[in-house]
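Here is a friendly walk through a model that you can follow on your own screen. Keep the sequence and the 3D view open as you read.

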Protein chains: 6
Amino acid sequence: MTASGRILVINPNSNDDVTKGISEVLDPLRLPGGPDIECVTLSEGPFGIETQEHVESVTLPLRRTVVERNDVDAFVIACYSDPGITVCREATSKPVFGIQESGILAALSRGERFGVIALGPQSIKRHLRYIRQLGLESRLAAERPLHLSVAAAEEADAYPRVLEVARDLVGEDGADVLLLGCAGMTRHRLPLEQALAVPVVDPVQMAVAQALTAVLLGAGSS
Amino acid sequence: MTASGRILVINPNSNDDVTKGISEVLDPLRLPGGPDIECVTLSEGPFGIETQEHVESVTLPLRRTVVERNDVDAFVIACYSDPGITVCREATSKPVFGIQESGILAALSRGERFGVIALGPQSIKRHLRYIRQLGLESRLAAERPLHLSVAAAEEADAYPRVLEVARDLVGEDGADVLLLGCAGMTRHRLPLEQALAVPVVDPVQMAVAQALTAVLLGAGSS
Amino acid sequence: MTASGRILVINPNSNDDVTKGISEVLDPLRLPGGPDIECVTLSEGPFGIETQEHVESVTLPLRRTVVERNDVDAFVIACYSDPGITVCREATSKPVFGIQESGILAALSRGERFGVIALGPQSIKRHLRYIRQLGLESRLAAERPLHLSVAAAEEADAYPRVLEVARDLVGEDGADVLLLGCAGMTRHRLPLEQALAVPVVDPVQMAVAQALTAVLLGAGSS
Amino acid sequence: MTASGRILVINPNSNDDVTKGISEVLDPLRLPGGPDIECVTLSEGPFGIETQEHVESVTLPLRRTVVERNDVDAFVIACYSDPGITVCREATSKPVFGIQESGILAALSRGERFGVIALGPQSIKRHLRYIRQLGLESRLAAERPLHLSVAAAEEADAYPRVLEVARDLVGEDGADVLLLGCAGMTRHRLPLEQALAVPVVDPVQMAVAQALTAVLLGAGSS
Amino acid sequence: MTASGRILVINPNSNDDVTKGISEVLDPLRLPGGPDIECVTLSEGPFGIETQEHVESVTLPLRRTVVERNDVDAFVIACYSDPGITVCREATSKPVFGIQESGILAALSRGERFGVIALGPQSIKRHLRYIRQLGLESRLAAERPLHLSVAAAEEADAYPRVLEVARDLVGEDGADVLLLGCAGMTRHRLPLEQALAVPVVDPVQMAVAQALTAVLLGAGSS
Amino acid sequence: MTASGRILVINPNSNDDVTKGISEVLDPLRLPGGPDIECVTLSEGPFGIETQEHVESVTLPLRRTVVERNDVDAFVIACYSDPGITVCREATSKPVFGIQESGILAALSRGERFGVIALGPQSIKRHLRYIRQLGLESRLAAERPLHLSVAAAEEADAYPRVLEVARDLVGEDGADVLLLGCAGMTRHRLPLEQALAVPVVDPVQMAVAQALTAVLLGAGSS
């Protein structure tokens with residue numbers, strides 16, 4: 001371990017722009033004397049992760065990356081499907097965080113019932129299966145789909161649609177905390193928070209914050 | 001908000017030694033240029049919080065402290081019963097974290113089933129009620145009592161008993177992550193982690209880390 | 001214990017009219033030779049209990065009342081938030097009943113799924129947290145808000161709005177038994193029952209009936 | 001409805017001694033000017049209800065009794081398997097109470113986790129199925145078998161075995177309220193309560209108390 | 001046991017046309033050299049099973065049939081309320097299948113969340129109670145009523161209404177597999193499957209298929 | 001579709017002896033005129049599937065096999081971890097069955113609470129996560145480990161250990177139906193069933209039986 005430690009954030013898709021966007025939203029977590037936060041692109045990954053095949057295609061490349069970079073102090077897998085999280089945890093004694101899991105856990109201390117802004121119906125199905133696996137379904141208000149692609153959801157002009165879905169999660173489904181259901185929607189976080197007066201959680205930031213905590217406290221470094 | 005923000009950690013009991021001990025274990029979370037972490041003693045609190053009457057006796061004093069100190073950026077209530085957490089959240093738009101809630105949420109990303117090392121049967125009863133309220137009972141392996149007082153559990157010579165209970169949580173109950181069920185057991189964390197090869201979570205550190213995250217990301221500061 | 005026993009019903013708000021109203025609806029439970037049912041106002045209480053701060057402000061005064069009046073045979077806390085129920089139970093070996101808990105338990109033997117007529121969204125949030133704590137969420141059809149104050153909900157002219165909400169709970173949410181989610185709506189019980197042909201449960205009456213049972217059977221008198 | 005109302009308690013087995021025993025333990029609920037409590041034997045019933053066949057054999061005779069005696073104000077089916085409860089409820093607008101359901105609901109307001117003293121493993125299997133149907137399994141500590149027949153469990157000399165099982169429910173399983181899992185064990189209630197310092201609930205008394213409440217409040221009389 | 005075994009399918013209502021219809025949809029499960037599938041009418045049954053009284057009226061006649069025909073290798077009770085399933089299982093060591101239970105279990109391997117096309121609100125109430133008893137409610141999307149009688153639902157001209165309800169289960173409630181909630185709707189299965197592109201499960205076929213499996217593998221024949 | 005259809009059973013490990021053993025236990029499901037049941041070895045698979053890495057290593061090869069062999073009518077993945085089941089289902093409109101899922105669903109109609117005979121603690125952890133994902137944990141009695149390798153568990157001389165674990169599942173954990181938690185333990189099924197008088201379910205046979213049913217009824221053939 002270096003003096004202050006290192007966190008490796010792996011973007012499982014091969015889109016360098018996404019990696020760059022992820023890195024930018026992590027700036028508030030880069031502290032003087034704090035752990036180094038490095039964001040890398042999984043070159044073997046698909047351009048976007050939209051299907052279960054995409055998910056499966058990155059599990060072993062992610063594991064290989066974890067094994068090769070096992071000199072860092074914590075890992076974050078920066079895709080909302082948490083691909084390969086179990087196999088990566090098996091491959092290292094260092095903590096590994098997935099952004100969906102970390103995002104939901106963070107949301108649970110900011111509200112009674114969380115609502116998720118998802119891209120589409122297929123991802124909702126995948127998420128619900130995972131939420132049941134995590135045993136956390138009793139606090140879910142609802143997931144609602146944007147019916148947008150990853151790329152479109154990241155754009156500034158997606159905001160009206162994002163707001164509409166967020167408003168329904170709060171007004172119709174009773175959510176009092178919202179979770180962005182994709183790695184690339186951080187730009188909408190503060191505007192939503194201001195418009196709706198409920199906390200809005202960005203899962204990438206939360207997973208990296210959990211990694212930061214683990215590094216600062218020395219978890220898994222033994 | 002100051003440049004880097006401030007976190008107020010409130011020890012709800014009136015024992016200054018406990019406050020001092022809490023402050024020491026937070027040193028790893030005090031970062032150059034990062035938020036200030038201030039630990040205060042609730043002078044109106046009982047010397048230790050062991051009964052429901054003790055819990056109720058601190059809820060409104062905690063609320064008053066939150067109102068008076070609303071210039072900070074986040075609050076942590078540093079007693080494992082999470083006393084007054086709801087009323088404090090009602091009193092401020094700043095995030096408020098309770099150490100039991102934060103500790104359990106942190107444990108959920110480090111193992112499949114968490115075990116809690118508790119002081120005694122009465123506190124277990126209170127915790128189980130709260131875990132059901134949080135909707136998180138499906139991941140609980142078990143709570144087991146030390147049959148020790150708060151003061152005794154903090155001492156170095158409590159370690160053999162703490163280890164015995166921890167071993168049963170892992171071996172008998174199937175826990176693969178442990179949670180220290182009291183604000184003052186931090187000194188046992190690393191020895192347990194090394195002895196049993198499972199992550200051991202200190203709830204005070206985790207709640208303050210969540211507060212740190214919130215401050216760094218600007219939650220609730222709007 | 002006197003020959004037939006005594007039940008103390010404590011109205012945690014300081015509104016004597018409410019106490020008087022509560023006492024009136026308990027007349028059917030005042031039996032010749034049966035336990036005495038005394039209704040008292042908590043003078044330290046707020047005029048109405050609408051916030052978590054109001055809830056917390058009465059827990060220790062309620063406890064004090066329980067300790068001072070421990071010569072009675074059973075206690076009822078007559079506010080739908082069941083404030084202070086745990087601390088009061090800790091303070092006495094006599095049974096203590098809360099009207100929300102007793103109301104829900106009574107409803108569960110009168111229908112498959114219960115619907116609650118609540119005052120507003122904030123109280124629904126508080127109730128849902130409590131229902132999860134009680135482990136009874138699987139039988140909840142829904143809670144729906146009147147968007148009325150306590151005082152307004154008690155008035156005869158609130159009936160059309162109460163009926164509208166009740167009708168939605170039955171027609172939209174599938175409730176087949178209804179629960180009045182406030183201590184002061186008893187006057188609407190029979191009209192609703194006749195209009196909708198489902199049982200309608202008044203929680204104050206049910207908590208006092210449970211206390212009556214406990215006294216008649218000698219619970220906690222040992 | 002007569003002035004004060006009538007409750008019909010039906011013992012579904014044909015053993016008149018059991019009916020007589022049931023009637024005796026209901027004396028505390030027979031109030032001057034209060035509802036009449038009549039206990040009848042189902043002559044078509046088996047001598048004891050121990051198998052599912054026994055259960056099924058009484059459902060329609062119970063229904064016929066309910067139809068024939070529909071001039072009373074409430075019914076209680078006094079067998080812990082709650083035989084025929086659904087079909088009887090379908091047959092009348094008067095409330096019908098089953099002793100298992102009423103006993104569990106009563107226990108839930110007297111402790112956090114209830115333990116049941118059952119006759120044997122087969123009845124436990126039947127009860128667990130029913131508890132799941134009621135959606136109340138999250139509060140069950142455990143059921144433990146006496147390995148005794150109904151007749152034997154009622155005898156005074158069964159007490160040491162009953163106490164042993166009760167002690168295990170409290171000490172091993174964490175129950176803090178106990179439920180007698182059979183209509184005929186009332187004589188053990190107070191001794192158990194005194195020996196173990198936890199509330200002990202007799203289900204027959206509780207179901208009749210619920211019926212009493214319903215009659216006093218006029219439920220179903222419209 | 002004969003060389004290839006025998007399955008007895010019992011239609012608990014006395015309508016021979018229904019029995020005939022059931023037998024026809026089982027033709028694909030009648031294999032050369034495979035078990036014989038015999039469908040019989042319970043002559044003591046009501047003409048249709050629509051109430052709880054109807055359900056109870058067939059439990060002991062079903063048990064008698066099972067005892068008399070215990071030379072077969074497996075039994076199927078062909079009514080969606082699964083009447084008498086527990087008492088029949090008690091009466092024989094041969095496997096007994098109920099069509100609701102088998103239908104739900106089959107649906108669970110064909111989709112994430114199942115939707116049930118039911119006849120009316122009363123049967124939905126009965127089904128939900130049973131689904132809770134089976135512990136399978138977490139995968140239920142919804143049940144929706146046709147508001148049709150058994151006889152009407154079986155007719156070809158019921159299809160538009162069946163399709164409408166099925167479409168709502170998929171579109172509104174998120175079901176991705178559908179279950180026909182009555183023994184006589186098989187004719188709608190394939191058209192629905194083609195119209196909605198989700199699997200549609202006929203419960204009679206599934207229960208008999210489970211019986212077929214049990215017979216082929218020798219379950220219970222020892 | 002050929003006249004009678006074809007089922008492809010894929011053994012995801014590369015051990016041909018296992019494939020051969022699987023094929024043998026399927027003989028009772030090979031019916032004259034019934035679907036053809038072909039068992040193939042996944043040549044890319046590891047020799048045994050014991051870790052999460054092994055699981056991940058076969059998901060895409062399984063998907064490729066499903067795509068290449070999409071002319072068959074149903075697929076079975078014959079490893080108890082159900083590797084790749086979601087991605088295979090995404091890749092075909094034909095039904096795909098996993099042996100753990102099918103085994104559990106089959107067990108649920110043969111008993112109240114199922115017990116699983118697993119190889120070791122690591123596989124139990126994986127299974128429990130999956131059982132939660134399936135929403136079926138409420139009927140699980142327990143899983144217990146053999147502490148044996150796959151190869152050892154298949155041998156005749158493992159029977160005493162298998163019987164010991166099975167006996168504990170029934171006697172200590174209250175299971176009334178058992179499930180073999182591995183593809184290769186079929187030989188122990190009948191001896192266990194005879195020794196313990198509870199149904200014992202072989203998951204491979206059950207998944208193939210579900211496939212057989214689907215083919216016979218024409219599921220997914222549209």
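## Strands in chain E

In strand S7 (residues 177-180) of chain E, Val177(E) and Leu179(E) point one way while Leu178(E) and Leu180(E) point the other way, and all are buried. Buried here means under 20% relative accessible area, exposed means over 50%, and partly exposed lies in between (1.4 Å probe, protein chains only). Helices (H or I, at least four residues) and strands (E, at least two) are DSSP runs, numbered from the N terminus. This is a predicted model, in which local features need pLDDT of at least 70 and side-chain atom pairs count only at pLDDT 80 or more, while totals for chains, interfaces and linings use all residues. As for conventions, residues are numbered from 1 along each chain as its sequence is written, chains are lettered from A and ligands numbered from 1 in the order in which they are written, and side-chain values use heavy atoms, leaving out hydrogens and water.

What are the partners of S7(E)? Strand S5 (residues 114-118) of chain E pairs with S7(E) in the parallel sense over four bridges, and Phe114(E) has Val177(E) as its bridge partner. Two strands count as paired if DSSP finds at least two bridges between them. S7(E) is also joined by two bridges to strand S8 (residues 200-201) of chain E, again running parallel, with Val200(E) as the bridge partner of Leu178(E). From S7(E) the chain crosses through helix H8 (residues 189-196) of chain E to S8(E), a right-handed β-α-β crossover. Right-handed means that, with the strands pointing away from the viewer, the path from the first strand over the helix to the second runs clockwise.

Now turn to strand S1 (residues 6-11) of chain E. Five of its six residues are buried, so S1(E) is largely enclosed by the rest of the structure. Six bridges link S1(E) in parallel to strand S2 (residues 36-41) of chain E, where Cys39(E) stands opposite Val9(E).

## An open sheet in chain F

Chain F has an open sheet of four strands in the order S6-S5-S7-S8, with parallel pairing. Strands S6 (140-145) and S8 (200-201) of chain F are at the edges with a single partner strand each, so one side of each has no neighbour in the sheet. Strand S5 (residues 114-118) of chain F and strand S7 (residues 177-180) of chain F run parallel, joined by four bridges. One of the facing pairs is Ile117(F) and Leu180(F).

## How chains B and C meet

Chain B and chain C each give 16 residues to their contact, where contact means heavy atoms within 4.5 Å. The area buried between them is about 1500 Å², with carbon and sulfur atoms giving 55%. Buried area is the accessible area (1.4 Å probe) that two parts lose on being put together, summed over both. Glu53(B), Glu56(B) and Gln133(B) supply 34% of the area that chain B buries against chain C, more than any other three residues.

A rotation of 180 degrees with 0.0 Å of shift along its axis superposes chain B on chain C (RMSD 0.0 Å). In chain B, Gln133(B) has the C-alpha nearest the axis, 1.9 Å from it. By contrast, chain B and chain E do not touch, and their nearest C-alpha atoms are 13 Å apart.

## Salt bridges

A salt bridge here is a side-chain nitrogen of Lys or Arg within 4 Å of a carboxyl oxygen of Asp or Glu.

Within chain D, Asp71(D) and Arg6(D) meet in a salt bridge (2.9 Å, N to O). Asp71(D) lies in the loop between helix H2 (52-68) and strand S3 (74-77) of chain D and Arg6(D) in strand S1 (residues 6-11) of chain D, so the pair ties together parts that are 65 residues apart in sequence.

Conventions. Copies are superposed by least squares on the C-alpha atoms of residues with pLDDT of at least 70 in both.
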